[in-house]
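The sequence and coordinates come before the comments.

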Amino acid sequence: MTPELMEAGTQALNKHLGLPELGGESGGREAAYGRVVEPGQLDVTHGSILYLDDIEVSFDGFKALNKLSLNISVGEMRCIIGPNGAGKTTMMDVITGKTKPDHGSAYFGSTIDLLAMRENDIAQIGIGRKFQKPTVFEHLSVFENLELALKADRRARASLFFKLSSEQLDRIADMLKLIHLKSQAQRTAGLLSHGQKQWLEIGMLLMQDPKLLLLDEPVAGMTDEETERTAELFLSLEGAHSLVVVEHDMKFIGELTTRGENAAKKKVTVLHEGSVLAEGSLAEVQANDKVVEVYLGR
C-alpha cells in the first residue's frame with residue numbers, strides 16, 4: 001500500500017470519527033507510522049481494512065482476475081455486482097486464502113499480508129466468509145449451532161468441562177434476536193426455511209467476532225419478506241463490521257446502498273472479465289453505458 005493511500009485513508013477515518021485532521025511532522029503521517037504494531041495484529045490506523053492491488057489469477061490460460069485492485073474502508077458496506085464469470089467468487093477465494101494469485105498483493109489492514117497466510121489462519125484473524133449455500137449443523141438446534149460457533153477452547157478436555165458463562169448466554173440471546181430466530185432457538189436447524197438457515201449461518205459467523213464479512217449472494221432463494229429482513233440485518237451491522245456483499249438482486253443492492261446514515265457515500269463496484277469496470281454510487285453505475293451493456297441490459 002502506498003504512503004499516499006495510507007495517508008488519505010487516515011484522513012478519511014479521522015474525519016468519520018470527528019478527530020482533527022493530521023498535519024505537520026508531529027501529527028501527520030510520520031507520527032502515525034511511528035505506532036508500534038505487534039506482528040499479526042490488525043492495524044487499520046490508515047482507514048483501510050482490505051486492500052487488493054493488481055491481483056491476477058489464471059486457470060489454464062483463462063484470466064479469472066486481471067489486474068484487480070480494490071480498497072475497502074473500515075466499517076464500510078461495499079456491494080459488488082457483475083455478470084457470471086466476472087471474477088467475484090475468485091476474488092473472495094484470494095481474500096480467504098483458498099486461491100493464491102499469480103501476481104499482486106492483498107492486505108488485511110496495513111500490516112497483514114493475506115497471501116502469506118493459510119486459509120484456516122485467515123479465518124482466525126477476523127475474516128468471515130458466507131458461501132451462497134448455507135452451511136449449518138442441521139441435526140443440532142439453532143441455539144447449539146450458535147454455541148458451537150463461539151470462540152472457545154474446543155480441545156477434548158476443555159470441551160468435556162465446558163459450560164457457558166452468563167456473558168456467553170447473553171451473547172447468544174442477543175444474536176438470536178439480531179438474526180430473527182429468537183422464537184426458533186430450540187428448533188432443529190434442518191427444519192428451518194432456506195432464509196432462516198442463511199440467517200443462522202450469518203449469526204454463526206458473527207459469533208466469531210469477524211472484522212470483515214464476505215457475503216456471497218446472501219439472499220438467493222429468499223422470499224421477499226426474508227430479503228427485506230436480511231437488508232435490515234446487514235444495515236444494522238454496518239460500521240461495527242466491514243461488509244463485502246456480492247449479489248445479483250438489484251432491488252436488494254438498492255436497499256443496502258440507499259438507506260442508512262452514510263447512504264450518499266456508499267459505493268457499488270462492478271466487475272467484468274476479472275477487473276473493475278466501474279465504481280461509484282448505485283445511480284452512477286446504473287447510468288454507466290458500459291455497465292448497462294455488459295450486465296444490466298438495455
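1. Conventions. This is a predicted model, in which local features need pLDDT of at least 70 and side-chain atom pairs count only at pLDDT 80 or more, while totals for chains, interfaces and linings use all residues. Residues are numbered from 1 along each chain as its sequence is written, and side-chain values use heavy atoms, with hydrogens and water left out.

2. Strand β8. Helices (H or I, at least four residues) and strands (E, at least two) are DSSP runs, numbered from the N terminus. Strand β8 covers residues 242-246, and five of its five residues are buried (under 20% relative accessible area; exposed is over 50% and partly exposed is in between, with a 1.4 Å probe and protein chains only). Ser242, Val244 and Val246 point one way from β8, with Leu243 and Val245 pointing the other way.

3. Partners of β8. Two strands count as paired if DSSP finds at least two bridges between them. β8 pairs in the parallel sense with β3 (residues 77-81) over four bridges, and Arg78 has Val244 as its bridge partner in β8. With β7 (residues 212-216), β8 also pairs in the parallel sense, here over five bridges; Leu212 is bridged to Ser242 of β8.

4. The antiparallel sheet. An open sheet of four strands has the order β2-β1-β4-β5, with antiparallel pairing. Its edge strands, each pairing on one side only, are β2 (62-73) and β5 (112-113). Strands β1 (residues 48-59) and β4 (residues 103-108) are joined by five bridges, and Leu50 has Phe108 as its bridge partner in β4.

5. Nonpolar cores. A nonpolar core is a set of buried Ala, Val, Leu, Ile, Met, Phe, Trp, Tyr and Cys residues joined through side-chain atoms within 4.5 Å. In the largest, which has 46 residues, Leu146, Leu200, Phe234, Val245 and Leu256 touch the most other members. α9 gives the most to this core, with six residues. A second, separate core has 27 residues, including Ile49, Ile55, Ile72 and Ile112.

6. Contacts of Val245. Contact means heavy atoms within 4.5 Å. Leaving out residues up to four places away in sequence, Val245 touches Met77, Arg78, Cys79, Ile80, Leu215, Pro218, Phe234, Phe252 and Leu256.

7. Second largest pocket. On a 1 Å grid over the protein atoms alone, a pocket is an open set of points where a 1.4 Å probe fits, with protein on both sides within 12 Å along at least five of seven lines; lining residues have an atom within 4 Å of a point. Grid points are joined across faces, edges and corners, and a volume is the space filled by probe spheres set on the points. The second largest pocket has a volume of about 710 Å³. Of its 23 lining residues, Ala123, Gly128, Arg129, Leu205 and Gln208 are the closest to its centre. α5 gives the most to this lining, with four residues.

8. Two loop residues. Leaving aside neighbours within four places in sequence, Gln184 is in contact with Val142, Leu192 and Gln196. Glu261 lies in the loop between α11 (250-257) and β9 (268-272) and is exposed, with a relative accessible area of 84%. The C-alpha atoms of Glu261 and Leu235 are separated by 9.7 Å, the two residues being 26 residues apart along the chain.
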